[in-house]
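Okay, thanks everyone, I'll keep this short. Have a look at the sequence and the structure on the screen, and then I'll walk you through a few spots.

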Amino acid sequence: YSSLVSGIGGSETFHIEMATRLAARGHEVWSLNHRSGPFNCFEPSRLEAGVRWADLRIVDSAHNDQYADFLLGSPGIWVIQRNPQFIDQLPSSVPPINDVQRFWHVFHDVSYPNATPERMARYDRLIALSPFHGEYLTNMGFEKVTVSSGGIAVNRIEELECKLYCSLREYVRARNRIDRNPKRLIYASSQERGLLPLLKSFERAKEHVPDLELHVYYGWDGYDQRMAQDITGEMKRNKAAMVRGLQQDGVTFHGRVSQTELWTAFLQSGIWVYQTEYPEVCCVTAMDAQALGAIPIFNPIWALRDNVFAGIPIQGSCWEDELVKARFTYEIVRLASSPQVQEAIRPQMMERARARFDWERVADQFEQMAAEDLGESSGFSCGGLVPPGTPALIHHDCTLPASMATKLYGDPKNGDSSAPAPVSGLFGITAFGDDLPKDVFPRRGNGDVF
């Protein structure tokens, strides 16, 4: 939870936001993940923001039997993110688990080599994060696909704006007030997704708008890890070119920052440029940009087709096609030189984005889906606080200890094939189902300012 302060990626934000928001609605939420370092038997889990944050090793019987019994025997839903093979270590037919627990997988990426048809058939829901992503998974042969989404923390964004704009003390307001610069561009995604072509477009655009600025927010940690595995050397060459481009006049590299700092940067910026060909499955950055008033210039592919509804779409190969690259440069110059056009787009864009992408809408749908999957007999209810002892479990990128598998299947040495009896209830996640209004994810083609 504290990682929100230091800055984290989209899938981690998804995990934390849904865990804390479900907990705030009265559900008991367990979040299991790996922790670095040796297991701390004196603090196997901790309660923060209403969520029980636990080292996955907590379920190992060598550490604590009662936790394993509770997690494995409680009715509810496991929400497994980015780890399809985790299902191999959970039972398919051993009662009573099969009757009281459901399993969902959230796809945060395009490619999952381990998502075999046999493995994914064991899941009760496969969660896509945009309509295009859902279509892609369906076309790949996956069944039981539910369209969900990421979101934005509207409540905290509005708290930030109040702090920056609405202080009753004149000196505080004068000190903290942010003035948006229509000639300030912002980039806030992983570098390989679109920074290199943007740096080149910015260089050309600055010839026509001398006071143009570009502010880049993203650390190199993840890029460097992927670069170390790139045997072609392309990522190393691209990084060298990006480092040179970041040194040009008008460009400021901020690196990794907190969520609050990033939101403040969006509020200061006139334009968000995403000159990408990357297959985004959700793109929370696009949601933040619109909600905070940075007008998009973007390539309307994948989830950007679904989740960007304002600004200037430019379709085509924005890395290779010279005409498409020239169009990005032209639109940057045109929009940066036209603050009145920005202001005509901005108010309605911000209002619509906040209404559409609020995490609370996602939490509403999670509850509805869980109620459908668990049924009335589980004691689960939505639309208000549930009785104590009805928890939610969120699992992220982790592997089941051998002793936990033994508890699930029983110990063969003892001839035991039973599983622990149910303890209270265990609830999990899904969101943005098919029953939402049709205009929630509008379809549209290429176009100009809209």
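So, the largest pocket: there's about 1500 Å³ of space in there, and keep in mind that this is a predicted model. Its lining is made up of 47 residues, and I8, G9, G10, E12 and Y218 sit nearest the centre.

Next, the inside. The largest nonpolar core has 90 residues, and the ones touching the most other members are L214, F266, W272 and I297. Helix α17, residues 359-374, gives this core its largest share, seven residues. There's also a second, separate core of 18 residues, with L32, A54, F107 and Y123 among them.

Leaving out residues up to four places away in sequence, F266 touches R180, I186, A188, W272, T285, D288, A289, L292 and A294.

Last stop, helix α6. Which of its residues are buried? In α6, residues 131-139, those are P131, H133, G134 and L137. Look down the axis of α6 and the buried ones fall within an arc of 160°, so they line one face of the helix. What do they pack against? That would be β6 (125-128), β7 (145-147) and α14 (303-307). And just after α6, you'll see G141 with a positive phi of about 100°.

Okay, over to you.

Key:
Residues are numbered from 1 along each chain as its sequence is written. This is a predicted model: local features need pLDDT of at least 70, side-chain atom pairs count only at pLDDT 80 or more; totals for chains, interfaces and linings use all residues. Side-chain values use heavy atoms; hydrogens and water are left out. Buried means under 20% relative accessible area, exposed over 50%, partly exposed in between (1.4 Å probe, protein chains only). Helices (H or I, at least four residues) and strands (E, at least two) are DSSP runs, numbered from the N terminus. The arc is that of the directions from the helix axis to the C-beta atoms. Contact means heavy atoms within 4.5 Å. On a 1 Å grid over the protein atoms alone, a cavity is a set of points where a 1.4 Å probe fits but cannot get out, and a pocket is an open set with protein on both sides within 12 Å along at least five of seven lines; lining residues have an atom within 4 Å of a point. Grid points are joined across faces, edges and corners, and a volume is the space filled by probe spheres set on the points. A nonpolar core is a set of buried Ala, Val, Leu, Ile, Met, Phe, Trp, Tyr and Cys residues joined through side-chain atoms within 4.5 Å.
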